[in-house]
Amino acid sequence: MTSAHLVKADVFQPSMVIIIDDLGYNLANGLGIINLPGPITLAVIPHTRHGASLASTGAKVDKEIMLHVPMQNHAGIKLGKGGLTLGMDEKTFKDILRKDAANIPFTQGLNNHMGSALTEQALPMLWTMDVAKELELFFVDSRTSATSVAWQQAIAQNVPTLKRDVFLDNDTSTEALEIQFQQAMDVARKNKFAVLIGHPYPETIAFLSQSLGKLDEAGIKLVSASALIELLKPHLDTL
């Protein structure tokens with residue numbers, strides 16, 4: 001499922017958002033992403049060793065910063081500090097999410113880290129959107145579950161929102177990365193925009209450093225998540 005239905009062909013130049021998740025654990029890999037050219041959007045995990053410093057460094061070079069919120073998954077993978085789970089009451093849930101946001105400077109939006117279990121449930125997603133509105137943040141549904149209701153809750157609560165179209169690097173072989181990147185470009189051409197999510201793997205960094213130029217060649221503009229949201233606002237009746 002794409003981020004939205006088709007946008008009229010004459011609306012704007014095809015655009016792509018590239019969000020890099022999981023920043024904060026590895027300083028060198030995080031800096032490798034920050035040093036990529038253009039408005040790459042950085043999704044930073046709270047309470048990690050390098051999260052706050054990478055967010056500050058990224059903001060200084062005009063990279064957009066998002067909070068990458070650990071959320072309960074079906075695989076039982078531990079979330080670490082700042083994680084949100086189904087067993088929390090509303091106050092605990094919202095307090096933790098506020099502390100997560102406060103831990104990452106320059107945060108303009110948030111998306112889910114893992115979260116295949118939590119994003120399927122309407123009530124915790126409603127609480128997430130309550131905090132997003134309170135802090136004036138946009139929301140991107142990473143769509144780690146095909147039955148996520150997060151994007152729908154954002155729409156219902158009037159939170160500016162996008163959702164992921166393509167994962168770049170579930171397989172980090174060059175061939176696989178090329179296939180996924182091409183798929184994202186195809187979506188951008190067809191729908192006028194695409195949201196691509198990747199991770200700070202050395203292979204991904206090397207691939208993007210060589211491949212971002214293909215966007216210009218294809219007539220696709222690289223934009224931040226918030227910039228795409230602004231571009232879409234006048235055309236919400238087509239979504």
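This is a predicted model: local features need pLDDT of at least 70, side-chain atom pairs count only at pLDDT 80 or more; totals for chains, interfaces and linings use all residues.
Close-up 1. You'll find both residues in helix α6, which covers residues 174-191, and they sit three residues apart, about one turn of the helix. Why would such side chains pair up at all? Opposite charges can pair when the charged atoms come close.

Close-up 2. Is Lys-91 buried or exposed? With a relative accessible area of 61%, Lys-91 is exposed. Asp-95 has 26% relative accessibility, so it counts as partly exposed.

Close-up 3. Now look at Glu-134 and Arg-98, whose side chains meet in a salt bridge of 2.8 Å, N to O. Glu-134 lies in helix α4 (residues 122-135) and Arg-98 in helix α3, so this pair ties together parts that are 36 residues apart in sequence. Glu-134 is partly exposed at 44% relative accessible area, and Arg-98 is partly exposed too, at 30%.

**Close-up 4. Four residues, one network.** Step back to the pair on helix α6 for a moment: Arg-189 and Asp-186 are three residues apart there. Elsewhere, salt bridges with shared partners link Lys-91, Asp-95, Arg-98 and Glu-134 into one network. Searching the whole structure turns up seven salt bridges.

**Close-up 5. The largest nonpolar core.** This view moves to a core of 51 residues, the largest nonpolar one. Which residues have the most contacts inside it? They are Ile-18, Ile-40, Phe-181, Leu-208 and Leu-215. Helix α6 gives the most to this core, with six residues.

**Close-up 6. Ile-40 and its neighbours.** Leaving aside residues up to four places away in sequence, Ile-40 touches Ile-18, Ile-20, Ile-33, Lys-63, Glu-64, Leu-212 and Leu-222. There's also a second, separate core to look for: it has 17 residues, including Ala-43, Met-66, Val-140 and Ile-229.

Key:
Residues are numbered from 1 along each chain as its sequence is written. Side-chain values use heavy atoms; hydrogens and water are left out. Buried means under 20% relative accessible area, exposed over 50%, partly exposed in between (1.4 Å probe, protein chains only). Helices (H or I, at least four residues) and strands (E, at least two) are DSSP runs, numbered from the N terminus. A nonpolar core is a set of buried Ala, Val, Leu, Ile, Met, Phe, Trp, Tyr and Cys residues joined through side-chain atoms within 4.5 Å. Contact means heavy atoms within 4.5 Å.
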